[in-house]
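I opened this model to look up its sheet, its cores and its ring pairs. My entries follow the order in which I searched.

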Amino acid sequence: MEVALLSFSSSLSPLCHNRTLTLQPRISKSSNHPRLPVIRSAVSRTKKEETVETVKSHLENCHLLAAINYKGLTVKQFQDLRRTLPDTTKLVVAKNTLVIKAIEGTKWEALKPCMKGMNAWLFVQTDEIPSAIKPYRTFQKERKLEDNDFAGAVFEGKFYAPDNFKALETMPTRAEIYAKMLGALQSPAINLVSTLQAPAIEVIMVLKAYVKKLEDESNA
């Protein structure tokens, strides 16, 4: 309980002239009731710290972090959405201020343009980006939630606004990249050069797939 400070005028009593009296709350000595405001504050602080740690843990091995405007979504809708997500994708509801605290000083800071409104956070822990994003797109279309769109995402340190989100959704799958790499290696050199002139992320994924193939063959 807060302590009240009351000032009395001199008309009430000569003894109270220009004095400020401190009134202590009456609490029974036998009372075991806790001071609720203090406990609530501690619980709130603990929950915030736990949320920040949860965000940080999901960022480990994370390939993409996306913000989704969730204003108006019900608890049941969130439950239904989570059931459609693959194991490599996590959906977390957290305040922008807590997410900012968790991503401070990391490559994910590029996500700051999304820190407006009410966001849910999609953690993609696989390099199969299109298949990780697709479940939410399907959920969004089936329930006609046009306003609950992606607010943006960060992939490999680069920020993707809603307007250029299509680049993430149309990235080639690992199988497509693998087939393309094999085709390029089995074709004239000019085709390999064309492959290497593709966007940097595609080339990296092609090379990763080829290296994995060589490693699998050497371990066979």
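The entries below go from ground rules to sheet, cores, rings and cysteines.

**Ground rules**

I am reading a predicted model, in which local features need pLDDT of at least 70 and side-chain atom pairs count only at pLDDT 80 or more, while totals for chains, interfaces and linings use all residues. Residues are numbered from 1 along each chain as its sequence is written, and side-chain values use heavy atoms, with hydrogens and water left out.

**The sheet**

I looked up the strand order. Helices (H or I, at least four residues) and strands (E, at least two) are DSSP runs, numbered from the N terminus. I found an open sheet of 5 strands in the order β4-β5-β3-β6-β7, with antiparallel pairing. Two strands count as paired if DSSP finds at least two bridges between them. In general, strands of a sheet pair through backbone hydrogen bonds, either parallel or antiparallel.

Which strands form the edges? They are β4 (89–93) and β7, each pairing on one side only. Neighbouring strands are turned by 20 degrees against each other on average, direction ignored. For such angles, axes are lines fitted to C-alpha atoms, for helices over the stretch in contact, and angles run from 0 to 180 degrees between N-to-C directions.

I then followed β3. On the β5 side, Ile-68 has Ala-120 as its bridge partner, and Ala-67 stands opposite Trp-121. On the β6 side, Leu-64 stands opposite Phe-155.

Is β3 enclosed or open to the outside? Of its 6 residues, 5 are buried, so β3 is largely enclosed by the rest of the structure. Buried means under 20% relative accessible area, exposed means over 50%, and partly exposed is in between (1.4 Å probe, protein chains only).

For contact I used heavy atoms within 4.5 Å. Helix α4 lies across β3, β4, β5 and β6, and runs at about 165 degrees to β6.

**The cores**

A nonpolar core is a set of buried Ala, Val, Leu, Ile, Met, Phe, Trp, Tyr and Cys residues joined through side-chain atoms within 4.5 Å. The largest one here has 25 residues, and Leu-64, Leu-122, Ile-129 and Phe-150 are among those with the most contacts inside it. I noted that β3 (64–69), α2 (75–84), β5 (119–124), α4 (129–142) and β6 (150–155) each supply at least two residues of this core. The largest share, 5 residues, comes from α4. There is also a second, separate core of 19 residues, including Ala-67 and Val-154.

I listed the contacts of Leu-64, leaving aside its neighbours within four places in sequence. Among them are Trp-108, Leu-122, Ile-129, Phe-155 and Leu-168.

Next I looked at Leu-59, which lies in helix α1 (residues 36–59). Leu-59 counts as buried at 12% relative accessibility. Not counting residues up to four places away in sequence, Leu-59 touches Leu-65, Ala-102, Ile-103, Trp-108 and Phe-123. Leu-59 and Phe-123 are 64 residues apart along the chain, yet their C-alpha atoms are separated by 7.1 Å.

**The rings**

How many aromatic pairs does the whole structure hold? I found 4. Rings of Phe, Tyr and Trp (its six-membered ring) pair if their centres lie within 6.5 Å; planes under 30 degrees apart count as stacked, over 60 as edge-to-face and the rest as tilted.

Tyr-136 and Phe-150 are edge-to-face, at 5.2 Å centre to centre with 70 degrees between the planes. Tyr-136 is in helix α4 and Phe-150 in strand β6, so this pair ties together parts 14 residues apart in sequence. Tyr-136 is buried at 1% relative accessible area, and Phe-150 is buried at 2%.

Phe-150 and Phe-165 have ring centres 4.5 Å apart and planes at 20 degrees, so this pair is stacked. Phe-165 sits in the loop between β7 (158–160) and α5 (166–169), 15 residues from Phe-150. Ring pairs link Tyr-136, Phe-139, Phe-150 and Phe-165 into a cluster.

**The cysteines**

I searched the whole structure for disulfides (cysteine sulfur atoms within 2.5 Å) and found 0. Cys-62 is buried at 7% relative accessible area, and Cys-114 is buried at 3%.
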